[in-house]
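Work through the exercises below with the structure open beside you. Try each task before reading its solution.

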Amino acid sequence: MTRRLATALALLALALFPSALAEAPRTFFAMDTAMSVSAPTADAALLDACEREIYRLEALFSVTDPDSEIARLNAEGSAALSPDTERVLRFALETAEITGGALDVTLYPVVRAWGFTTGEYRVPADAEIAALLENVDWRQVSLSEAAAALPEGVMADLGALAKGYASDRLVEILTEGGVDSALIDLGGNIWCVGEKPDGSAWRIGIRDPLDPASVVGSLSVRGAAVITSGSYERCFVADDGAVYGHIFDPMTGRPAESGLISVTVTGASGLQCDALSTALYVMGAERAAALLPDLDGVEAVLVDSGGALWVTSGLKDSFTPMYAYQTAEIHWIG
Ligand code: ADP
Ligand code: MG
């Protein structure tokens, strides 16, 4: 093992399984990903409550479980929504508005046609994509209190923000349970509760999108979500050798090629960070850099395909570029 690899793995391990935490993290699989909750002062009942909450939210949001509220909305064109589903859908529509439609929950039929919900990947023909795009438009979602409706052919999916919201809920449960230091990792969607038990800031490694064994750098945070979107996280290689990722451009119906290869957003709302990480990825560096200074309470680290970093100036003291990125060009935003 090279020294660089060893250090990178140690940094990731530090982020995910801090040695200062005595008790083993609670790990489980849900929402299609591996999850862990490290909260050394939490008792088993509190960790059980966290795990149950994830399964409860999955049962509301899942597009593949026919009994979920979202699946019923898609199948029947209207459905009653619980407060959680309404809240996440409302936030998705608000984010669509401010990002010029870069986040669009009605992309689901397109994402499904490419096989991302089933794992049966394929590259749909241009005509098929064009036909599916006819029904992609977040403005078609009518959301009222506790209910939503969609026109025929329109379907929704909260996958781009569900885990961010779920992480916020776990923070509420842990905090109400008296926990003041915890690390939540919902498949790379991180929430750092408080600070490390020794009183120092959490240090979270941002994975290098071009080298999963290394990191772009580290972020020091206290009491914040750190959420990354990158196509490398879920992608497939087509017969012609092209790599297609799971973040889609609603304008083209194809995997986004915005020039960004990783977007990390940090702030006090996991829901907001998750929604924005996906949207900013689609928007590309220039548009993201124009929008970010207008957004309250969020900071971001963007990596472009040329190896340059775009970092909001609020992170000047807390983001440390590492390895290949120590000499990278940094465009400061705001
Ligand atoms: P992850 O789920 O890996 O954390 P994201 O938060 O970026 O990643 O969400 C990506 C998921 O959201 C995709 O798997 C897809 O289901 C859905 N999606 C992809 N592109 C968009 C988009 N532009 N707007 C809304 N949802 C999207
Ligand atoms: Mg997201």
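**Exercise 1: the metal site**

In this predicted model, the magnesium ion (ligand 2) is coordinated by Ala 160 (O), Asp 274 (O), Asp 274 (OD) and Thr 278 (OG1), at 2.1 to 2.5 Å.

Task: find which spacing along the chain the donors of the magnesium ion (ligand 2) follow, and where Asp 274 and Thr 278 lie.

Solution. 
Step 1. Read the donors in chain order: the pattern is A-x113-D-x3-T.
Step 2. Look at the end of the pattern. Asp 274 and Thr 278 are both part of helix H8 and stand four residues apart, about one turn of the helix.

**Exercise 2: polar contacts of ligand 1**

Task: state how Ala 160, Lys 163 and Thr 278 approach oxygen atoms of ligand 1.

Solution. 
Step 1. For Ala 160, a backbone N or O atom is 3.2 Å from a ligand 1 oxygen.
Step 2. For Lys 163, an N or O atom of the side chain is 3.2 Å from an oxygen of ligand 1.
Step 3. For Thr 278, a polar side-chain atom is 2.8 Å from an oxygen of ligand 1.
Step 4. Turn to cover: ligand 1 on its own has 570 Å² of accessible area, and the protein covers 92% of this.

**Exercise 3: the shell**

Task: describe the residues that surround ligand 1.

Solution. 
Step 1. There are 19 of them, and Phe 248 and Ser 229 are among the closest.
Step 2. Sort by class: nine are nonpolar, five polar and five charged.
Step 3. Helix H8 (residues 270–283) gives the most, three residues.

Definitions and conventions
Residues are numbered from 1 along each chain as its sequence is written. Chains are lettered from A and ligands numbered from 1 in the order in which they are written. This is a predicted model: local features need pLDDT of at least 70, side-chain atom pairs count only at pLDDT 80 or more; totals for chains, interfaces and linings use all residues. Side-chain values use heavy atoms; hydrogens and water are left out. A residue is near a molecule or strand if one of its heavy atoms lies within 4 Å of it. A polar contact is a pair of N or O atoms within 3.5 Å; within protein, one must be able to donate a hydrogen and the other to accept it, and residues adjacent in sequence count only if both atoms are side-chain atoms. Accessible areas come from the Shrake-Rupley method with a 1.4 Å probe; for residues, only the protein chains shown count as cover. Helices (H or I, at least four residues) and strands (E, at least two) are DSSP runs, numbered from the N terminus. Ala, Val, Leu, Ile, Met, Phe, Trp, Tyr, Cys and Pro count as nonpolar, Asp, Glu, Lys and Arg as charged, and the others, Gly among them, as polar. Donors are N, O and S atoms within 2.8 Å of the metal (3.2 Å for Na, K and Ca); water is not among the atoms, so sites may look incomplete.
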